[in-house]
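Please keep the model in view while reading.

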Amino acid sequence: MAHNIEFEDRIKKYVTIAFKIFFGILAGIAFALLFGYVIMWLWNWLMPEIFGLKTIGYWQAVGILVLAKMLFGGLGGHHSDKKGKKSRRRHRAKGRMTCRKDFDKWKHYDQYWEEEGETAFDNYLERIQKRNTLQNDTTSEL
């Protein structure tokens, strides 16, 4: 009798998995069909008006969607190996450290501006004005 209950539990488990897979596939197909229709509607609403392009049909919209996925989204070649995750994590941490170093310089900005900023900026403006005056003089001589 216990063997029969285990067998029934297994069958329930496999039937449940089969239904989930079946309805998942149906939902995926429905989503793809709906998404193709949305792409077609958006294209036909925007592109002829903005760029003067022709309207497209449903299968052309699906083709554009597939082409965009191939060009911009890749073909799903993502690998989840641990080495790749570690190197990406290390790379992100390295980028954060560089960013932190850059921001460390800015903690002295207020003090610099109070001590030298105004006069340094005025000197910079004078140099620009002299440079522009020289360029104008050179241009007017030609």
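E116 is placed in helix α4, residues 109-141; helices are DSSP runs of H or I with at least four residues, numbered from the N terminus. The model is predicted, so that local features need pLDDT of at least 70 and side-chain atom pairs count only at pLDDT 80 or more, while totals for chains, interfaces and linings use all residues. Residues are numbered from 1 along each chain as its sequence is written, and side-chain values use heavy atoms, with hydrogens and water left out.

With a relative accessible area of 42%, E116 is partly exposed, where buried means under 20%, exposed over 50% and partly exposed in between (1.4 Å probe, protein chains only). Together with D110, E114 and E115, E116 forms a negative surface patch. Patch residues have over 30% relative accessible area and no salt bridge, with like charges joined within 9 Å and nonpolar side chains (Val, Leu, Ile, Met, Phe, Trp, Tyr) within 5 Å. A salt bridge here is a side-chain nitrogen of Lys or Arg within 4 Å of a carboxyl oxygen of Asp or Glu.

A nonpolar patch also lies on the surface, formed by L34, Y37, V38, W41, L42, W45, L46, I50, F51 and L53, with about 1,000 Å² of accessible area together; the areas come from the Shrake-Rupley method with a 1.4 Å probe. V38 is partly exposed at 32% relative accessibility, and L46 is partly exposed at 33%.

Next come the aromatic rings. Rings of Phe, Tyr and Trp (its six-membered ring) pair if their centres lie within 6.5 Å; planes under 30 degrees apart count as stacked, over 60 as edge-to-face and the rest as tilted. This rule gives 5 aromatic pairs. F22 and F23 make an edge-to-face pair, 5.4 Å centre to centre and with 70° between the planes. F22 is partly exposed at 45% relative accessibility, and F23 is partly exposed at 48%. W41 and W45 form a stacked pair, with 5.4 Å between centres and 15° between planes. These two tryptophans are 4 residues apart in helix α1 (residues 2-51), so about one helical turn separates W41 from W45. W41 is partly exposed, with a relative accessible area of 48%, whereas W45 is exposed at 54%. F19, F22 and F23 form one aromatic cluster.

Terms used. Lys, Arg positive; Asp, Glu negative; His and termini not counted. Charge placed at Lys NZ, Arg CZ, Asp CG, Glu CD.
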